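Below are some notes for a colleague who has not looked at this structure before. Please read them with the model open.

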Amino acid sequence: MADALRLKDEGKSLRQIAAIFPENEKEIEELFGVVAFMKSKKDEFAPSRSLLGRILQELPESEPAKLESLEKKALISEQMEANNSRQFVIIDNESEAAGGEVNVETIPKNNSASQKTSLKVWDYFHNFKLAPVMAVVVVILVAGVSSYEIWGKKGASEQPPVAQSSLLKFAAVASKPTTMAGALDNVLNSINQDLNNETSLFDLGTADANLVTFDKEALNGLTNTYNENSL
Amino acid sequence: MEDRTLKELKELVEKAKNGDKEAFSLIYQKFFTPLYRYIYFRVGSKEDAEDLIQEVFTKAYLSFSKFKFTGSSPLAYFYTIARNTIIDQGRKKKHNIDSDDDVDSHKGDGDSPEESAAKNEDAKMLKLAIEELTESEQDVIIMKFFDGLSNKEIAEILGKEEGAVRQLQSRGLRDLRDILKKKNEQ
């Protein structure tokens, strides 16, 4: 019978159900007849029409807790209008449940541009819209500070002394004339002078190479600074 | 229940939860009759049923902000409150069907006095027969065949499995058939 009722719930007709359970056809017809009888009589057990109206009239005006909250909201709203102030409302559930006062913090709404701007920026941060941009800014700042520290340290101790003046020295050496005339001493002097010049040029080249190495190290330092894991 | 009806009902429930008394009234109007009928069968007299349904609605009204719409009919919510109220108060059924005002609230329009009397007698007999069922059978039969709740909703209200609800239905219907047969023979 439970299966027959399930089939009835699924929308099968009495004939279809009886066909599925032919051995119980008589009982199924009787029981479905009882169901039909009950449904035909259900309006006989309806309440009097005036009862609903009476109950609704006698209900409390509104649900107490809800009413209290609504009244407080209305009061706060009125205060905002009256004081022209921005209000931040902190509702303490416990004190509210106990019928206590609702804490209200009032901040004068002076409409100053700075206040509005700071609030807007805060809202923006709050919504994480600026977060990616700020992350990039922070990385750049940290990288700048790190590179400054590297330059400072290396500038004092590791920077080759020739590096700064190498171009000046090269210009001075290049401008000196080489003399091959006259006596052997002059020739030797001239050779020595040329050797000195070549040595100077070699030093200048070495200094430039050191400078390149130094720049590379500095760049490596910058690369390390950009490592996100170290932030 | 159709999706559209459920959607409208959900909107009503949300309004009612926010203190909209008109929304409350509409919900009550929708569920008033089935709930009254359930209480009436369970307590057996109109006076007790009227007192109890007022209490049930007041309780539901005061706690409605806690109600969560889960897709089932809010009728289940009211039924649960009604059932607990009946149990808490330990109301006993009063078999006062001899009183003429017990089952006569809605006579069909255009019925002759004889037809009205016959309908009234049928209703009284049905009420008596249902009262002879066990409480669980009564719950299931009333919710299912008078108020049209699904087996799932009934199972939720009664805290039973759907299979158990189906068994109670078939057993209740068999008992009801036998009781009605006996009463017809008397």
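1. Two residues are in contact if their C-beta atoms, placed from the backbone, lie within 7 Å. Leaving out residues up to four places away in sequence, Tyr79(B) touches Leu35(B), Tyr38(B), Met143(B) and Ile157(B).

2. The model is predicted, and local features need pLDDT of at least 70, side-chain atom pairs count only at pLDDT 80 or more, while totals for chains, interfaces and linings use all residues. Residues are numbered from 1 along each chain as its sequence is written, and chains are lettered from A and ligands numbered from 1 in the order in which they are written.

3. On confidence: pLDDT is the predictor's confidence in each residue, from 0 to 100. Chain B has a mean pLDDT of 81, with 83% of its residues at 70 or more. Residues 92-101 of chain B stay under 50, and the model has 15 contacts beyond four places in sequence for them. Residues 104-108 of chain B are also below 50, with nine contacts beyond near neighbours in sequence. The scores of the model are ipTM 0.77 and pTM 0.52.

4. A nonpolar core is a set of buried Ala, Val, Leu, Ile, Met, Phe, Trp, Tyr and Cys residues joined through C-beta atoms within 7 Å. A residue is buried if 20 or more other C-beta atoms lie within 10 Å of its own, exposed if 12 or fewer, and partly exposed in between, with C-beta atoms placed from the backbone. The largest core has 57 residues, and Leu35(B), Ile39(B), Ile53(B), Phe78(B) and Tyr79(B) have the most contacts inside it. Helix α2 of chain B (residues 21-43) gives the largest share, 12 residues. Helices here are DSSP runs (H or I, at least four residues), numbered from the N terminus.

5. Ala49(B) lies in helix α3 of chain B. Ala49(B) counts as buried because 24 C-beta neighbours fall inside 10 Å. Beyond four places in sequence, Ala49(B) is in contact with Tyr36(B), Ile39(B), Tyr40(B) and Val43(B).

6. Where do chains A and B meet? In the model, 37 residues of chain B are in contact with 33 residues of chain A. The elements giving two or more residues to this side of chain B are α2, α3 (46-63), α5 (113-131), α6 (135-146) and α8 (162-185).

7. The 24 residues of α8(B) reach 35 Å from first C-alpha to last, close to the 34 Å expected at 1.5 Å a residue, the expected span being 1.5 Å times one less than the number of residues. Buried residues of α8(B) include Arg166(B), Gln169(B) and Gly172(B).
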